[in-house]
Amino acid sequence: MERQNELLSKAEDVADQILRHSKHVLPHIARLCLISTFLEDGIRMWFQWNEQRDYIEATWGCGYILASLFVLINLVGQVGGCVMILSRQKVQWACGLLSAIIALQTIAYSILWDLNFLMRNMALAGGLLLLLAESKAEGRSLFAGVPSMGDNNPKTYMQLAGRILLILMFLTLIRFGAGYVQAFQNIVGLVLILLIAVGYKTKLSALVLVVQLTLLNFYLNDWWNIPDYKPMRDFLKYDFFQTMSVIGGLLLVVALGPGGVSVDERKKQW
């Protein structure tokens with residue numbers, strides 16, 4: 001037991017050193033990863049304007065004009081929201097805009113009835129909550145010395161909700177019946193994501209899960225190796241950038257910490 005605690009302590013020390021040297025760039029990388037799926041989808045709306053418009057028109061029978069308006073809203077809303085987040089301008093408005101896009105697409109593409117895609121969209125919403133919490137933390141830092149409300153503040157509960165929603169993305173990546181190696185990966189990932197959800201050893205757990213998800217994402221979702229004419233290319237690209245967004249959310253957890261509602265925070269008070 002002492003040996004395990006010693007190894008865990010060393011691992012935390014290594015993670016702290018990595019974070020200390022990357023603290024200035026980590027939030028920027030996290031934001032870029034998080035908005036990547038929105039940026040890719042917005043750009044895709046431009047290049048697949050006719051296909052997207054025709055699909056919405058055929059599915060909903062809403063006519064040419066409303067279908068075109070849907071594509072335009074998705075294009076401008078996603079690209080505009082990403083630019084606002086990356087430039088740190090009106091981040092709260094940008095998060096609200098991207099959340100509205102998630103809700104709109106959930107209805108328009110009938111994602112509401114597909115549990116796998118619904119969980120992924122909810123995980124994206126969790127990432128946006130963490131981004132919103134980060135923007136609130138930056139805003140509060142402008143008023144150093146002003147008393148805080150402790151744990152009972154919106155930022156704390158945004159971080160908790162964001163951590164919990166990120167679980168949903170991992171659940172969609174679990175594959176059953178694929179051998180002992182896959183089973184081991186599932187168990188390790190599930191343990192890590194549960195630790196993140198309750199906020200225990202949060203930064204270390206999130207960092208390890210970031211490494212695991214990044215390796216799996218580049219290995220399983222290698223859309224760049226698929227020819228343009230094959231539909232599988234778009235499916236893999238979709239999975240790739242959605243996973244990158246969740247990785248961005250986990251990197252925000254690494255950068256910000258778990259927040260007030262967590263085991264790590266309670267341990268400091270014991």
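Two residues count as being in contact here when they have heavy atoms within 4.5 Å of each other. By that rule, Gly162 touches Gly126, Leu129 and Leu130, leaving out residues up to four places away in sequence. Keep in mind that this is a predicted model.

**Where α2 and α3 meet**

- Start with helix α2 (residues 26–47) and helix α3 (residues 49–60), whose axes come within 5 Å and cross at roughly 90 degrees.
- Angles of 65 to 115 degrees count as roughly perpendicular, so that is the label for α2 and α3.
- On the α2 side, the contact is made by Arg44, Met45, Trp46 and Phe47, and on the α3 side by Trp49, Glu51 and Gln52.
- Sorted by type, the residues of this α2–α3 contact are four nonpolar, one polar and two charged.

**Helix α4 and what comes after it**

- Helix α4 covers residues 63–86, and its 24 residues should span 34 Å at 1.5 Å a residue.
- The end C-alpha atoms of α4 are 35 Å apart, which agrees with that expectation.
- Which residues of α4 are buried? They are Ala67, Ser68, Phe70, Val71, Asn74, Leu75, Gly77, Gln78, Gly81, Cys82 and Ile85.
- After α4 comes Arg88, with a positive phi near 60 degrees.
- Arg88 sits in the loop between α4 and α5 (91–108), and its relative accessible area of 22% makes it partly exposed.

**Another positive phi**

- Most residues other than glycine have a negative phi.
- Ser110 has a positive phi, near 55 degrees, and is a residue other than glycine.
- You'll find Ser110 in the loop between α5 and α6 (115–141).
- With a relative accessible area of 34%, Ser110 is partly exposed.

**Gln105 in α5**

- Gln105 is part of helix α5.
- Is Gln105 buried or exposed? At a relative accessible area of 14%, Gln105 is buried, because the cut-off for that is under 20%.
- Setting aside residues up to four places away in sequence, Gln105 touches Asp41, Met45, Asn74, Gln78, Ser110 and Ile111.
- Some of those partners have come up already: Met45 belongs to the α2 side of the contact with α3, while Asn74 and Gln78 are among the buried residues of α4.
- Gln105 and Glu6 are 99 residues apart in sequence, and their C-alpha atoms are 48 Å apart in space.

**Cysteines**

- How many disulfides are there? The count is zero, where a disulfide would need a pair of cysteine sulfur atoms within 2.5 Å.
- Cys33 is in no disulfide, and the nearest cysteine sulfur to it, that of Cys82, is 12 Å away.
- Cys33 counts as buried, at 12% relative accessibility.
- For Cys95, the closest cysteine sulfur is also in Cys82, at 10 Å, which is too far for a bond.
- Cys95 is buried as well, with a relative accessible area of 3%.

**Helix α10 and Ser245**

- Helix α10 runs over residues 231–256.
- From its first C-alpha to its last, α10 reaches 38 Å, close to the 38 Å expected for its 26 residues at 1.5 Å a residue.
- α10 is mostly covered, with 19 of its 26 residues buried.
- Ser245 is found in α10, and its relative accessible area of 2% makes it buried.
- Beyond its neighbours within four places in sequence, Ser245 is in contact with Cys33, Leu34, Ser36, Thr37 and Leu124.
- Gly257 follows α10, and its phi is positive, near 90 degrees.

**Back to Gly162**

- Gly162 lies in helix α7 (residues 154–173).
- At 0% relative accessibility, Gly162 counts as buried.
- Along the chain, Gly162 and Ser262 are 100 residues apart, and their C-alpha atoms are separated by 13 Å.

Notes. Residues numbered from 1 in each chain as written. Predicted model: local features only at pLDDT ≥ 70, side-chain atom pairs only at ≥ 80, totals over all residues. Heavy atoms only, no water. Axes fitted to C-alpha atoms, helices over the stretch in contact; angles between N-to-C directions. Helix = DSSP H or I, 4+ residues; strand = E, 2+ residues; numbered from the N terminus. Parallel < 35°, antiparallel > 145°, perpendicular 65-115°, else oblique. Nonpolar A, V, L, I, M, F, W, Y, C, P; charged D, E, K, R; others polar. Expected span 1.5 Å × (residues − 1). Buried < 20%, exposed > 50% of the residue type's maximum accessible area, 1.4 Å probe, protein only.
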